[in-house]
Every structure is written in C-alpha cells, then in structure tokens.
Protein chains: 2
Amino acid sequence: MQEKLTLMIPGPTPVPEKVLKALGKHPIGHRSGEFQALVEKTTSQLKWLHQTTNDVLTITGSGTAAMEAGIINTLSRGDKVICGENGKFGERWTKVAKAYGLNVEVIKSPWGKPLNPESFKQILESDKNKDIRAVIMTHSETSTGVLNNLQAITQHVKEHGNALTIADCVTSLGACNVPMDEWGIDVIASGSQKGYMIPPGLSFLAMSERAWDAQQKSDLPKFYLDLESYRKTAAKNSNPFTPAVNLYFALEEALNMMQEEGLSSIFKRHTRHRDAAQAGMKAIGLQLFAEEGHGSPAITAVAPQNIDAEELRKAVKEKFDILLAGGQDHLKGKVFRIGHLGFVNDRDVLAAVAAIESTLSYLKLNNSVLGSGVAAASKVLNGF
Amino acid sequence: MQEKLTLMIPGPTPVPEKVLKALGKHPIGHRSGEFQALVEKTTSQLKWLHQTTNDVLTITGSGTAAMEAGIINTLSRGDKVICGENGKFGERWTKVAKAYGLNVEVIKSPWGKPLNPESFKQILESDKNKDIRAVIMTHSETSTGVLNNLQAITQHVKEHGNALTIADCVTSLGACNVPMDEWGIDVIASGSQKGYMIPPGLSFLAMSERAWDAQQKSDLPKFYLDLESYRKTAAKNSNPFTPAVNLYFALEEALNMMQEEGLSSIFKRHTRHRDAAQAGMKAIGLQLFAEEGHGSPAITAVAPQNIDAEELRKAVKEKFDILLAGGQDHLKGKVFRIGHLGFVNDRDVLAAVAAIESTLSYLKLNNSVLGSGVAAASKVLNGF
C-alpha cells in the first residue's frame, strides 16, 4: 500500500509527527539570536543525553563525518592506534585511520561475535612505552546487531593512561546506557537518524578534556571537520558553517520528547523490544546472528538457515509495508535485520514478528506453528 | 510580529510551501529502490541546472564541505595553486588550500572590487613549466556582493592547458548563467540553502572529466569527502553514507519548480531584482559596496555612510520582520546586505526597499525624500 511504510531498519528510523512538523517550518537565519537560543538549548539537551559535562558539538553530515572528525582531530600522522573490528563499521574506522596515515593495529572478532575486552587489555598492558594513542571501536555494531562491551574496554584504556577511547555510538546512544563521564569515554560520535528520532543530516561529537588536549597536538589536515572552529563558535552558541537549520528544529522537538520519556524508560523500552524480537525469532525457529547475550538493543540480526534472507525481506515489505534491513557485504542474502531503534513502540515490534512469521508461512518456508513467534514476543512485552 | 519573518539574507533563503511539505514527509530507507529513483531524478535535474553532462554529486554538508571536497580530491601536497581573494569566501579557500599543504599564490582585489582577470592571465601565461595545478575562486562573493568574471578567468585557465578551474558558485548557481560545459569550468561547488530554495544541509559538486583525471593522482587524505566513493555509489543512484533523505525530497520539489520557471526566466528575475535593489538604494542616497557594474544578482551589499549598518539592520527586522544580513569580519557595522537569491519575488524586493527607507526615516537618518527608493525600484521592476 502506498504511503504506509514502517521503517524497521537501523536508520533512518521512524520520525514522530511533531518532529516532522518542526522540520517543515520556514528556516530562520543561522546567525540570528533565535537560532543561537536553539543551539544553546539543544546543546544542553545533548549533554543530558550523553550524561556528560563535556562539549557536545553538532556537525552537518552523517555519523561517519562525526567519527572521522573524532579521529582526525585527536591524532597525528604515524600515531599508533588500536581499531576493534567485528563488523562493517569497525572495519570502516580502520579505513579512516589508514587513510590519514595512522599506524593501525587491528583487534578482530568474527562478525556476530563481540570484541573481546581481554584482547584490548593485553595489548594495552604490554605497551610499556605508552605508544598507543587511541582505541577506536564501535559500541553497537549495526551490521551484525552485536553490542560490544564499551565499558570494559574503556576501563582498560583508562588503566593504560595515555590512550583515548574513540567510540562510534551511532546506534547505541539513545538506545542503551552510555554514561560518557562515568565510564570515561573520550570521544563519542553519533547520528541524527538513529535513537534521536530525526531524519539524517546531523551528527554529534562529544569530546572530553583529554580529547581536547590531544586535539591541540593533532597535525592531520582538515577544514570542514576541524573541531577547533566548532568549539570556538559553540562558545557563542553558533556554528562555523551554515548548519542544517531545519534539522535543528527537529532535534529540539525530539530531545524534548526524549526528556519527557526519561533516559531510564528509553533504555528499558529498547531492551524490552530487543528481548521480544529475539524471543519471537527464536520461537519461529530462526537463528539469531549475534552471539547469545550480546544482542544490541537497537537491532536484531537474524540469519535464517536455508532461506534467502533477501527474498523474505522483500516479501515482508511487499505484503506488510514493513522495511527490514538486509545483510551488508558478505552477509547479503544470509541475514536480515530488524531495527527497533528510536521511535518504536510495542505494536511495531509485535507487528514485525507477526509479519515475518506470516510471510514465512506464505512462502511455505517455515516449519514452526504459525503464531508461535507472536506468542513468545507477547510474553516478553507483557513482562512474563 | 511572530512567525512572519521574511529572510533576505544570502542563505538560508526563503523556502516554498510545497518544498517545506516535501521536507516534512516521513523518511524512507536510503538503500530502497524508491530512494534510488529520487537520486536518479535529482541528479539529472542537477545536470540541467549546471548545464553539464558531467557528474554532479550530492554531499550532506555545507557548501564549504563541497568546496573542500573539490580542492582535496583534485590536488596533491605541494601542488601550486592560485587563489583569488576579494572577500571572506575567497579567503576561506586559501585557508583550505593551506590547511592541506598546497603551495598557494594569492591574487587579491580589495573587498568590493572584482578580481582582475588580467592578473590571472599574466600569472598563468608566465607559468612556462605548467606548474600551476588549479585556480580556485569564488564566482559570487557573498560577503561583498561582487560577481567575479568566472567566464574570463576560466578562459585563461583553459589557455594555460594544465590547470583546473575550481569555482565556488554557492550564490551564483541558480541566480545567473553558469554554463559549466560551455565555459569549461572543471569543478563547481554549491549549497542547498541558496538558489536551490531548500534549507541548508546538502551541497553539490560538479566535476569535469579533467577533474576526475586529476582525482586519480590526488594524494591528500580524506574519507567522508573522498569523491571516489561518491562517484562509485552515484553510478548505482546511491550514496556512500546515509544522506539527508528529507532534504532530497525538498530538492526534487524545488528543482521541479525551477524547471517549470526555466533557467532563462530565473536568471532574468535575479537580474531584475538586483537592478531594482541597487536603484532603490542609490535613490535613497545609500552607497553600494560593490563596484559599479559588478554587483551580484544574488546579493546587494550596501555601505551607508555615517550610519551604523547594524542599527539599521536590527530596526528593519524589529519594525518590518525582514531579516537583512550584516557585514562580515571588518565590514561589521559598516555594511548591510540584501539577499535577493532564490525564492524571491518583486514584492519582497519592493518591500525591502520600502522598509529600509521607512526605517531610515524613523531613525531620522535619511536626507532623501521618503518614497524615492520605492519609486526608483518600481521603475526597474516595471521595466522602464
């Protein structure tokens, strides 16, 4: 049916009506007092979301732009960094680091498995000369639905004493607890079309004082992503370049909604949805791609055995107007992903489970009892 | 009055109601067939606007991001480039070039005067070893309201044979004729919140085949702004990173409107508005900042003698809800700027002239006959 699509991909995520209304307002001047007030307010809201007193900067660009900014503003050519890789996004940060001539050591886990904090601990502890300048990693690995143990790895980085933790929290921020100050994360990058519940186009970068100290020494070339100019203008509630003004309108409205719901309720909702999606998929007899106990609260990746995941995904869209995400890179056709990130309610999750099992039945692909997925998901959603 | 502001700054510019409606639609998946169709359509519309068969890429970011991408994808460390400077934006491209270690020679004109094509000709002709790799310049210098002679300078670059022309057409594209292929411009950067009539957040980069040849040899580090990935995904009507999906909705709608109006009508409208604004200001006795005959069709900078331009600008906003732009850098307080770029009609221009003369009278700052500015502007708008 036209105009009735529900997004259950890990971004863009669904956008509330009042956020869309704010987005569609007439733009205002980005150097006006009115816009400065908006920057001031959203900045304070962003600090609340990051649970930090550090600077949080807003960049017009995708989450990749923010993550790149975090890397190239705190490091210098030849610096030794550790990149954690267990999916497409982890691999991307290695590519960024190498593009700028950093000296990269990779710690890998297979796609679907979490990064092992012990591996980080060992490398950091054996770095007696304190050569390692940063550990770069992804918290919620969007490509596989794995939540990495950012807290434990950050703790090892802190014990090292010299390195920074630079974290891609693009699909974890606003979905689960990421207390920047409490854990001691130095750099957090995120993007608007995720837990923020607004369309893509803005990205966010939180920087600790240690990160700013490192920024003073960084010699990598940059201009649009040079955070010095963002920090300077942020002090005057402004931006170095014309920002995506209308997305700021949307941001304020969405952060208002998030503050009304409260961080703890938001995190509980995401956890409940993850648990319901997982229970539903297991009850249908579909295998989860992420290792048991390491599923992301933002996204559930499913690896149906002997079933073309793309065929299933397309049929679910065709029949039920629910857009699921496909597998990326070598997982294409092998995995589909249910996004339950941002503006998602219990109905969405239940409908997705129901639609998947109904479609499997329609395609004559399932061996389970029709309704068993919904039964299992319902139990989780109802709390028993 | 609340909610009744008219933007007459050089960006963000006013946005048509149907474009705002498109902007406020529910986002769709950026890897969906529906979005691919949108990329395909807007790309072909962008080629129409640039009057080119070259690639035109869309980047989520400001015009500065696109301009930086044009520079850092076609050049290598130590390359000799000529930067034309006669305002804030010309100076910005010198900063970008220097940030990446290019060997910059600057050709300056005072703010308010146009760049002298002869100066470019001389330097290019004397470059017997063909060391110069690019000429970087601003077409419409937004800070001063001067339109530089891009056509003549591009011609000299073509005669040099080895250098590229990299042009900031942020406030000229969609306001006056910029026939990329006919003039032989190699790189054109522009931004959404200008002639495009949509809010900020998207920028555009057109690249000639010669620019792509240079791209193959470029060694400057980049990732988010690496055009290789944009070109590769554009071939599949896609993007390397999550783009600002909702701004694409707006872009399509705005380009539809531009195509209905037609390039030649758009250009005539902007010329008429510039001429009317200039005539109105002169009749009031206010001095134009740009040298006679070199005013930009996008923006008229006014340098009122013995009058605080900021005081006037603020009073016009307060009394008439018309937002004019102030002077930038050392021109703050000395200059105000009337934006007549994008979705601007005769009423807007006439109202701006009327509001300025009314405010001058209110502040007891004018010596001219009240109504003389409107009389002069009207004559231009009426075509006599």
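How are H3(B) and H4(B) oriented to each other? In this predicted model, helix H3 (residues 63–72) of chain B packs with helix H4 (residues 88–99) of chain B at an angle of about 50°, and their axes are 10 Å apart. H3(B) and H4(B) are therefore oblique to each other, since angles under 35 degrees count as roughly parallel and those of 65 to 115 as roughly perpendicular. The contact draws on B:Thr64, B:Met67, B:Glu68 and B:Ile71 from H3(B), which meet B:Arg92, B:Trp93, B:Val96 and B:Ala97 from H4(B). By class, these residues of the contact divide into 5 nonpolar, 1 polar and 2 charged. The crossing of H3(B) and H4(B) is right-handed.

The numbering of the contact residues can be read with the geometry of a helix in mind. An α-helix has 3.6 residues a turn, so residues three or four places apart point the same way. The residues that H3(B) gives to the contact with H4(B) include B:Thr64, B:Met67 and B:Ile71. H3(B) is also mostly covered, with 10 of its 10 residues buried. Among the buried residues of H3(B) are B:Thr64, B:Met67, B:Glu68 and B:Ile71, which have been named above, and also B:Gly63, B:Ala65 and B:Ile72.

A second pair of helices in chain B gives another arrangement to examine. Helix H13 (residues 346–362) of chain B and helix H14 (residues 372–382) of chain B pack at an angle of about 165°, and 9 Å lies between their axes. H13(B) and H14(B) are therefore roughly antiparallel to each other, a description that applies to angles over 145 degrees. The crossing of H13(B) and H14(B) is right-handed. On the side of H13(B), the contact involves B:Asp346, B:Val349, B:Leu350, B:Val353, B:Ala354, B:Ile356 and B:Glu357, while H14(B) supplies B:Gly373, B:Val374, B:Ala377, B:Ser378 and B:Leu381. The contact of H13(B) with H14(B) has 8 nonpolar, 2 polar and 2 charged residues.

The two chains also touch each other, and the contact takes 44 residues from chain B and 45 residues from chain A. On the side of chain B, the elements that give two or more residues are helix H1 (17–23), H3, H4 and helix H10 (245–261).

Chain A can be described as a whole. Its secondary structure comes to 14 helices and 14 strands. The radius of gyration of chain A is 21 Å, close to the 21 Å that the globule rule gives for 384 residues, so chain A is as compact as a globular protein of that length. Along its principal axes, the C-alpha trace of chain A spans about 60 × 55 × 35 Å. Of the 384 residues of chain A, 58% count as buried. Among the contacts in chain A with a separation of 6 or more, 73% are accounted for by residues 24 or more positions apart.

A:Gln45 is placed in helix H2 (residues 33–50) of chain A, and with 18 C-beta neighbours inside 10 Å it counts as partly exposed. The C-alpha atoms of A:Gln45 and A:Leu251 are separated by 9.6 Å, although these residues are 206 residues apart along the chain. When its neighbours within four places in sequence are left aside, A:Gln45 is in contact with A:Leu255 and A:Gln259.

In chain A, the peptide bond from A:Gly11 to A:Pro12 is cis, with omega near -5°, and A:Pro12 lies in the loop between strand S1 (6–8) and helix H1 (17–23). In chain B, a cis peptide bond joins B:Gly11 and B:Pro12, with omega about -5°, and B:Pro12 lies in the loop between strand S1 (6–8) and H1 of that chain. A:Gln51, a residue other than glycine, has a positive phi near 50°; it is placed in the loop between H2 and strand S2 (55–60) of chain A, and it counts as partly exposed with 17 C-beta neighbours inside 10 Å. B:Asn237 likewise has a positive phi, about 50°, although it is not a glycine. B:Asn237 is found in the loop between helix H9 (227–234) and H10 of chain B, and with 16 C-beta neighbours inside 10 Å B:Asn237 counts as partly exposed.

Key
Residues are numbered from 1 along each chain as its sequence is written. Chains are lettered from A and ligands numbered from 1 in the order in which they are written. This is a predicted model: local features need pLDDT of at least 70, side-chain atom pairs count only at pLDDT 80 or more; totals for chains, interfaces and linings use all residues. Axes are lines fitted to C-alpha atoms, for helices over the stretch in contact, and angles run from 0 to 180 degrees between N-to-C directions. Helices (H or I, at least four residues) and strands (E, at least two) are DSSP runs, numbered from the N terminus. A crossing is left-handed if the near helix is turned anticlockwise from the far one by less than a right angle, and right-handed if clockwise. Two residues are in contact if their C-beta atoms, placed from the backbone, lie within 7 Å. Ala, Val, Leu, Ile, Met, Phe, Trp, Tyr, Cys and Pro count as nonpolar, Asp, Glu, Lys and Arg as charged, and the others, Gly among them, as polar. The radius of gyration is taken over C-alpha atoms; the globule rule is 2.2 Å times the number of residues to the power 0.38. A residue is buried if 20 or more other C-beta atoms lie within 10 Å of its own, exposed if 12 or fewer, and partly exposed in between; C-beta atoms are placed from the backbone.
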